[in-house]
Amino acid sequence: MHVLHILKQGLDWVLQRAFLFAAFYVLWLWSVQIQNHSIPPSYWLLHGLFLGLALVFFLIHFFIFKPMLIDEKKIQKRLLKSGVEVMAEIISVRQTNSYLNHMPIMEYGLRYVLDGKAHETRIKQPVSFVQLADVQVGRRHKAWVDPMKVSCIRLQEVD
């Protein structure tokens with residue numbers, strides 16, 4: 001069962017980056033075509049099409065798939081190690097209709113005090129179904145803030 005899990009993670013990694021691989025492939029094809037000097041000038045339209053297609057692949061990757069590749073666990077671990085613990089009050093909660101690892105991603109409005117200054121920010125964070133009842137407006141939760149970038153904050157997860 002463990003091997004199947006590793007294979008599934010590998011396949012997910014490849015599929016999430018398929019557009020990036022396709023863009024590099026299209027650029028490689030285009031460079032091969034340009035290096036062949038026997039191509040008549042009428043094929044420049046085809047070369048422009050290849051470049052346009054590569055641009056579309058890059059745009060799709062960086063504006064659609066890249067935000068989905070943010071590793072929440074890495075951010076959480078980094079903040080646990082080097083972040084500052086604060087008490088954050090939830091001032092708003094909104095469902096985003098997105099899921100990460102079968103957990104809903106919620107958008108929170110948070111208010112917290114760091115170094116004597118009050119901050120308000122909005123974050124999107126996955127929340128387990130067990131924790132859903134605890135994320136209500138007005139509740140206070142432990143959170144970790146990056147002191148260098150005060151808008152980078154994560155609520156404590158319930159295990």
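Glu 107 counts as buried, with a relative accessibility of 11% (buried means under 20% relative accessible area, exposed over 50%, partly exposed in between, with a 1.4 Å probe and protein chains only). The model is predicted, with pLDDT of at least 70 needed for local features and 80 or more for side-chain atom pairs, whereas totals for chains, interfaces and linings use all residues. Residues are numbered from 1 along each chain as its sequence is written, and side-chain values use heavy atoms, without hydrogens and water.

Glu 107 lies in strand 2 (residues 103-114); strands (E, at least two residues) and helices (H or I, at least four) are DSSP runs numbered from the N terminus. A polar contact of 2.8 Å links the side chains of Glu 107 and Arg 122 (a pair of N or O atoms within 3.5 Å; within protein, one must be able to donate a hydrogen and the other to accept it, and residues adjacent in sequence count only if both atoms are side-chain atoms). Beyond its neighbours within four places in sequence, Glu 107 is in contact (heavy atoms within 4.5 Å) with Ser 92, Val 93, Arg 94, Thr 96, Arg 122, Ile 123 and Lys 124.

Five strands form an open sheet in the order 3-2-1-4-5, with antiparallel pairing (at least two DSSP bridges between two strands). Strand 3 (117-126) and strand 5 (149-155) are at the edges with a single partner strand each, so one side of each lacks a neighbour in the sheet.

Strand 1 (residues 84-100) and strand 4 (residues 140-146) run antiparallel and are joined by six bridges; Met 87 has Lys 142 in strand 4 as its bridge partner. Four bridges pair strand 4 with strand 5, also antiparallel, and Val 145 is bridged to Ile 153 in strand 5. Two residues separate strand 4 and strand 5, which form a hairpin.
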